[in-house]
Amino acid sequence: MPITKIEGNLEARGLRFAIVVTRFNSIITDRLAAGAVDALKRTGCAEDDITMVHIPGSWELPIVTRELAESKKYDAVICLGAVIRGDTPHFDYVAGEAAKGIGQVAAQCGVPVAFGVLTTNTVEQAIDRAGAKSGNKGFDAAMTAVEMANLMRKLRGK
Ligand code: INI
């Protein structure tokens with residue numbers, strides 16, 4: 001018996017996406033958002049099918065992501081933020097809660113949620129991941145969202 005292989009493709013035509021992006025560290029997150037939009041457009045998504053939601057900081061990502069996922073208006077939600085350690089313990093609380101909260105939404109709402117939140121020690125490391133040396137994690141998160149949206153449709157027989 002051959003192996004049954006199921007995977008999502010990278011075709012975003014006709015799919016709807018919400019991007020949630022933080023204003024905190026906007027020098028970084030604006031680039032992540034640009035990368036995400038670039039990935040969606042390159043994979044065929046129409047501008048009309050992209051909704052961009054701006055929020056204060058990564059702490060606010062879970063509640064907004066849950067609202068968008070539960071609305072069932074989107075095939076996937078893309079979360080973008082940048083939590084930079086600096087010298088304060090604030091980092092651990094914000095980064096930890098954002099990751100945990102987004103993970104819960106993804107597991108509970110049945111809508112794919114891509115985690116494009118940078119957690120770095122320095123601004124330089126964040127810049128590297130927002131379009132410099134290490135690619136653009138916003139682009140990567142959007143590609144994951146496209147693949148997952150297609151995979152979920154397939155698994156649901158659509
Ligand atoms: N929000 C971030 O997105 N990144 C950070 O690095 C950050 N730090 O370091 O404080 C941050 N804080 C704000 C937080 O997300 C909330 O918006 C704020 O606490 C109000 O609820």
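Helices and strands here are DSSP runs, helices of at least four residues (H or I) and strands of at least two (E), numbered from the N terminus. With that in hand, let's work through a few exercises on this predicted model.

**Exercise 1. Where does Lys 72 lie, and what is its phi near?**

Solution. 
- Step 1: Lys 72 sits in the loop that links α2 (61–71) with β3 (76–84).
- Step 2: Read the backbone angle. The phi of Lys 72 is near 60 degrees, a positive value in a residue other than glycine.
- Step 3: Most residues other than glycine have a negative phi.

**Exercise 2. Find the place of Asn 25, then decide: buried, partly exposed or exposed?**

Solution. 
- Step 1: Asn 25 belongs to the loop between β1 (17–22) and α1 (26–42).
- Step 2: Its phi is near 60 degrees, again positive although the residue is not glycine.
- Step 3: Buried means under 20% relative accessible area and exposed means over 50%. Asn 25 has a relative accessibility of 24%, so it counts as partly exposed.

**Exercise 3. Work out how many residues of β1 are buried, and which strands pair with β1.**

Solution. 
- Step 1: Count. Six of the six residues of β1 are buried, so this strand is largely enclosed by the rest of the structure.
- Step 2: Look for partners. β1 runs parallel to β2 (residues 50–55), joined by six bridges, and parallel to β3, joined by five bridges.
- Step 3: Pick out one residue. Ile 19 stands opposite Met 52 in β2 and opposite Ile 78 in β3.
- Step 4: Together, β1, α1 and β2 form a right-handed β-α-β unit.

**Exercise 4. Check the span of α1 and sort its residues into buried and exposed.**

Solution. 
- Step 1: α1 has 17 residues, and at 1.5 Å a residue they should span 24 Å; the end C-alpha atoms are 23 Å apart, which agrees.
- Step 2: The buried residues of α1 are Ile 28, Thr 29, Leu 32, Ala 33, Gly 35, Ala 36, Ala 39 and Leu 40.
- Step 3: Gly 44 follows α1 and has a positive phi, near 105 degrees.

Technical notes:
Residues are numbered from 1 along each chain as its sequence is written. This is a predicted model: local features need pLDDT of at least 70, side-chain atom pairs count only at pLDDT 80 or more; totals for chains, interfaces and linings use all residues. Side-chain values use heavy atoms; hydrogens and water are left out. Buried means under 20% relative accessible area, exposed over 50%, partly exposed in between (1.4 Å probe, protein chains only). Two strands pair if DSSP finds at least two bridges between them. A crossover is right-handed if, with the strands pointing away from the viewer, the path from the first strand over the helix to the second runs clockwise. The expected span of a helix is 1.5 Å times one less than its number of residues.
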